[in-house]
Amino acid sequence: MPKGANGVAIVRRAHVAPYRSSIIRPIGKTGMSAPTYRVCLISDNDLLGEALVDRFNLEGFACEWIKSGDLAHNALRQKVFDLVISEF
């Protein structure tokens with residue numbers, strides 16, 4: 001185990017915030033005009049891809065689902081996305 005300058009062991013932990021849908025929800029659900037965030041989902045898993053696209057759409061995101069790496073490469077060169085999710 002690595003030790004710091006004062007001889008105390010350094011422990012690294014990944015911090016995972018608890019899920020709160022208000023963290024990822026687009027701004028403006030209270031009557032203001034909400035920006036539309038564009039999500040690029042790259043997955044060849046039909047069941048998972050369909051579920052995620054449905055969920056993102058319910059939350060107000062514009063989600064584009066791409067099922068192959070070649071198509072994703074072309075889409076990422078031609079379009080602008082706010083978030084890319086791949087190989088999860």
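Author: The answers below cover the sheet, its helices and the cysteines.

Reader: What kind of model is this, and how are residues numbered?

Author: This is a predicted model, in which local features need pLDDT of at least 70 and side-chain atom pairs count only at pLDDT 80 or more, while totals for chains, interfaces and linings use all residues. Residues are numbered from 1 along each chain as its sequence is written, and side-chain values use heavy atoms, with hydrogens and water left out.

Reader: What is the strand order in the open sheet?

Author: The order is β2-β1-β3, three strands with parallel pairing; strands here are DSSP runs of E with at least two residues, helices are runs of H or I with at least four, both numbered from the N terminus, and two strands pair if DSSP finds at least two bridges between them.

Reader: And which strands stand at the edges?

Author: β2 (62-66) and β3 (83-86) do, and because each has a single partner strand, one side of each is left without a neighbour in the sheet. Neighbouring strands are turned by 15° against each other on average, direction ignored, where axes are lines fitted to C-alpha atoms (for helices over the stretch in contact) and angles run from 0 to 180 degrees between N-to-C directions.

Reader: How many bridges does β1 make with β2, and how many with β3?

Author: Strand β1 (residues 38-42) pairs with β2 over five bridges and with β3 over four, in the parallel sense. L41 stands opposite W65 in β2, and its bridge partner in β3 is I85.

Reader: Which strands does helix α2 touch?

Author: Helix α2 (residues 46-58) packs on the sheet and touches β1, β2 and β3, its direction making about 165° with that of β2; contact means heavy atoms within 4.5 Å. Helix α3 (residues 69-78) also touches β1, β2 and β3, at about 140° to the direction of β2.

Reader: Switching topic, how many disulfides does a search of the whole structure find?

Author: It finds zero, taking a disulfide as a pair of cysteine sulfur atoms within 2.5 Å. For C40, the nearest cysteine sulfur is that of C63, 7.9 Å away.

Reader: Is C40 buried or exposed?

Author: C40 is buried, with a relative accessible area of 0%, and C63 is buried too, at 17%; buried means under 20%, exposed over 50% and partly exposed in between, with a 1.4 Å probe and protein chains only. Four of the five residues of β1 are buried, so β1 is largely enclosed by the rest of the structure.
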